[in-house]
Amino acid sequence: MTRIPPILVITFFGAIAAFCVLRVHFNAVLYEMLPQDLPEVQGMDRLNRYFSRDGQLIVTVKAKEAFEAEEAMNALAGHLTGHPELVAEVFRELTLTELVTEGGELLAWLWLNAPEEKLPPLGERLSSAGSKKEITAAMEAVQGGFFDQETVIRSYDPLGLSRLGGLLGDGASGPDPMSSGDGTFRVMYVEGKGVDFSDYRDAAKWLDQVKEIVAAWEREWKAGHADDGALIVGLTGTPAFMAEVGARMEFDMTLSVVSTMLLISLLFWWMHRQTKPLSWLISAMLVILSITLTIGGFLFGDLSVMSAGFAAILMGLAVDYGIVLYREAYDSGEDAKGLRRSVGPGILWAAATTAAVFLSLNLSSLPGLSEMGNLVAIGVGIGALVMLYGFAPVAVSFVRETANKPVVPLPVVRPSGARAALIAAVAVPILTLASMWLKEMPALEVNFHPFRIRESPSMVAWQTLQHELSGREKAVPTVITARDLGELHERLETAGERIARAEESGLLEEAMLPTIFIPDPVRQRANAPVVRAWLSEKERLLREIGEAGFSEEGAALTATAFSAWEHCLAQLDTAEYARPEGKLANWSVDRLFAEKDGVYAALATVKPVEPRDRTWVAAICDDNLVVASLGSLGTALNERIGGDLVRVFLPMLGILTLMLALVFRSWRDVVLNLFCLLFAASILILATTWTPMSWNSFNVCGLPLIFGTGLDYGIHMILALRRNGGEVALARTGIGRALLFCGGSSAIGFGSLALASAYGLASLGLVCAIGILANMVAAVWLLPHWYRWLHRIRL
Amino acid sequence: MANLLRLLSGALLLASVLSPPIFAQSSSPDMSVVDRWLATNTGVSTLRIDFTQTRRMKSVKVPVRQEGTLWLDYQNRQFRWQLGDPAQTIVVSLGQNVLIIRNPMKRYEIRQAGSGGTPGMAAMANGFPRTLQEFQQRYRVIETRPEANTSRIVTRPLGVAGRGVETFTFVVDASHFRLLGIEIDLEDGSSLDTVFRRVEPNIDLPKGLFQPSVDGYTETKF
């Protein structure tokens, strides 16, 4: 086995690992890694469940001038509809002509669904006494009024069907959802088809095809419009997010695993100068990864974005067991069985301890972190077994093969000066306190966005969309749910009262409740006789409109509305309630009302005065009203994680101190070990104070891992110092070298995550890497001198 | 309807076949006619234009032809536009708003300038550009078209004024390059042709011209 070329070994096991990575399916729904009991997270869940469409791509166009944007959007829409294999439908802002031909159906349905007391004004306009007066006034305005858009609309609506008398409420006067105020930014919805959009890999393939079509169109467009300003096309929405997040997670896992392997290999080479055992060590790690991924997939199903980082952490931890076995085989010359007897218990205990620390992440409120912790815990268990039963025999055979070769001198951990160690012990904490006092106290990042993904074109396009459609940045989707329509209307009323109070208290700027767009069977049946009476006047009214001088186009909206009323009344004979007729009307109602799995949902919008503050969330939310608020989510997570730290971390620290007391039975050693933790914490605080790094609700959860390794390294070093009477050089040669490799490999594993796409994961990796390196430096270079000083041992 | 428009514009369905881009891109338009027309505006501080306006609305069977007058005060950025003699409709600038008076109905409305888009009137109410720089900030020239006795400068208004407008054409005299009229084509197929019957630059404007009385009138929403 030892004669197989290393490249073949790595290729074989690498192929298996690659196969396992490809089989893993990631969950591209980011909010599922957050605490599910927060109203903000529930809001995102319900918004996604009832109102999100997996296959709906949002296309944005930004041009220098409004007409350029309009022309470009029209042309792009035409281009996309020319690909029926990929695009089912395209929705964009209608022209006035399209609006008046399509709008009648929706207007008719809104009147049927309106409160009874709102109907008389329209009834007056449609009556034989009022209609002529109304039509004449419209014609006068059209002929002699100020020629603006209002007048043009009036010319298509001589009976004022679109004068809804406040039915839409105040909130309806919000910004145009399809175009920026100056018209230079346009939005279009593209309904995809041909693939299963719930699978991000399928969505990615579909998106790639659409991107090619858009890119080809852009080239063509720019060639024909050289004089125009720059045109920017953005793609966002569910399929774009899913494809991007899924692909980035796969890339992150591959990148972090490969970079960790490479760096650990370099570290191994620096310390042992051998390639063959290295190839088998890497293969063992690949086997561990493959088994863990398979078990993880079986236990958890889809893995979250946070779990993408587990592989690198696992590599950094599992390699230590292989190193211990290899060194032991080298030093003792034992066979595999002997190795398992001598170092097996230690490895198993170490694995159990590490697994316990990672399992403690289950105490965190973040399901994403818990899942990652569980995967690492499973992985280190598998790692210990694979190394003991798979790698140990290989290590023994390598040692035997190289028995007669000259021994390669191992790198020496050079001692640092005692004075430098003591200066560091005083200077670092003082510097930290001064930094905290002069610059800033450690605090969780207020603006932390848990979903932020690096280099995300779809996120950039989404943010641009929110920015361009002025006022949308603060608009928060609010979902109200109920078990039947009657209950939904009751809850909308209650929600309206709460929202009104919040507006009065200055918590909300404004709100838009979709009540009029929610089918109301009671109102529809109550209004049916009135509408039936209007229908009997249809011929007269259309005749009067024509006689007044309006053309067929001018009467089209009115005629469509009457047809829609006929359709709705026919529906009421057979169904519980009438739904609007026509694509525009259905699309509009579906944006605000959903019926799924026996639940009825309405989509409202609120604009908080202070989006990050949670007072407004508490003021309006209950079990049936939740908000998809990213602004307050950061605050909610900080509150929750802050609570976790007090609830979990402090008691944990107390228990660990107690354990240290039992292990050492010496207050000096307990203080020394705790001081090492303080030293590492100081380094982290200095790093977050003086560099762009900051604490957030994700990376702060790495503190138990950092303190766990810090205690571990400290215990090993202090026990070694006790054994050899405080002999610094001796301790460094033995345990120091081991800690150097363990700390180095763990830091590499965590550090490789610094390049991860998810900011939360990247910041966690960076903080853990720095913390572990600080622990290692403190344990290997500083602790021995502090030990001698505290125990008053002189040279 | 404006509210409904905003609310629903996100829901609007596109016809499956879209019209091709409106303008075939030609070579760069001849701007000399624009320069020469703009030169006629130099030094103009006030203006009175008597015009005849023809509205061809797609929704109305018969075109409507009416006469009116526009007064412009460039220095104080004020305008008064009125149709009919005696005036049936008067529109004057009121800071950020416009005051619309309908004399036969004895009613008036104060509307935000530019609300709902004021494609035709906004362009006229803001006065005519007097320098090429000012012109290019407000219009993009699609083509300049010489005809028998006139030249047509076909443009697209830029910014908000361009919304809903297909083309905005300045008709100038081919020999003296004075503005003879304006033709506005809207997206819905409607059009507004304004022919200038008489143009008087730098005249004294009567006091109170831009502050018509609304005593005895009722505020309304037309």
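In the predicted model, buried residues account for 51% of the 795 residues of chain A. Chain A contains 26 helices and nine strands, and its C-alpha atoms occupy a box of roughly 115 × 55 × 55 Å along the principal axes. Of the contacts in chain A between residues at least 6 apart in sequence, 81% link residues at least 24 apart. In chain B, 34% of the 222 residues count as buried. Four helices and twelve strands are assigned to chain B. Among contacts in chain B with a separation of 6 or more, 49% are made by residues 24 or more positions apart.

The largest nonpolar core comprises 289 residues, and the residues with the most contacts inside it are M285(A), L314(A), L325(A) and M387(A). Helix α26 of chain A, residues 759-790, supplies the largest share of this core, with 20 residues. For M387(A), when neighbours within four places in sequence are left aside, the contacts are A284(A), A318(A), Y321(A), G322(A), L325(A), I347(A) and A392(A). L325(A), one of these partners of M387(A), is itself among the residues with the most contacts inside the core.

One open sheet of chain A consists of four strands in the order β2-β3-β1-β4, with antiparallel pairing. Strands β2 (87-92) and β4 of chain A are at the edges and have a single partner strand each, so each has one side without a neighbour in the sheet. On average, neighbouring strands of this sheet are turned by 25 degrees against each other, with direction ignored. Within the sheet, β1(A) and β3(A) are joined by seven bridges in the antiparallel sense, and V59(A) is placed opposite M188(A) in β3(A). Helix α9(A) packs on the sheet and touches β1, β3 and β4 of chain A; the direction of α9(A) makes about 80 degrees with that of β4(A).

Helix α8 of chain A, residues 200-224, has 25 residues. From the first C-alpha to the last, α8(A) reaches 35 Å, close to the 36 Å expected at 1.5 Å a residue. The buried residues in α8(A) include Y200(A), A203(A), A204(A) and W206(A). Also buried in this helix are L207(A), V210(A) and V214(A). The cover over the buried residues of α8(A) includes three strands of chain A, namely β1 (56-62), β3 (185-192) and β4 (232-237), together with helix α9 (238-272) of that chain.

Elsewhere in chain A, strand β5 (residues 476-482) is mostly covered, with five of its seven residues buried. β5(A) pairs with two strands described here. Seven bridges connect β5(A) with strand β8 (residues 599-608) of chain A in an antiparallel arrangement, in which V476(A) has V606(A) as its bridge partner. A further antiparallel pairing, over three bridges, joins β5(A) to strand β9 (residues 625-627) of chain A; here the bridge partner of T478(A) is V627(A).

F649(A) is located in helix α22 of chain A, which spans residues 630-664. With 19 other C-beta atoms within 10 Å, F649(A) is partly exposed, because a buried residue has 20 or more such atoms. Not counting residues up to four places away in sequence, F649(A) touches L703(A) and P704(A). The C-alpha atom of F649(A) is separated by 34 Å from that of G417(A), a residue 232 residues apart from F649(A) along the chain.

Technical notes:
Residues are numbered from 1 along each chain as its sequence is written. Chains are lettered from A and ligands numbered from 1 in the order in which they are written. This is a predicted model: local features need pLDDT of at least 70, side-chain atom pairs count only at pLDDT 80 or more; totals for chains, interfaces and linings use all residues. The expected span of a helix is 1.5 Å times one less than its number of residues. A residue is buried if 20 or more other C-beta atoms lie within 10 Å of its own, exposed if 12 or fewer, and partly exposed in between; C-beta atoms are placed from the backbone. Two residues are in contact if their C-beta atoms, placed from the backbone, lie within 7 Å. A nonpolar core is a set of buried Ala, Val, Leu, Ile, Met, Phe, Trp, Tyr and Cys residues joined through C-beta atoms within 7 Å. Two strands pair if DSSP finds at least two bridges between them. Axes are lines fitted to C-alpha atoms, for helices over the stretch in contact, and angles run from 0 to 180 degrees between N-to-C directions.
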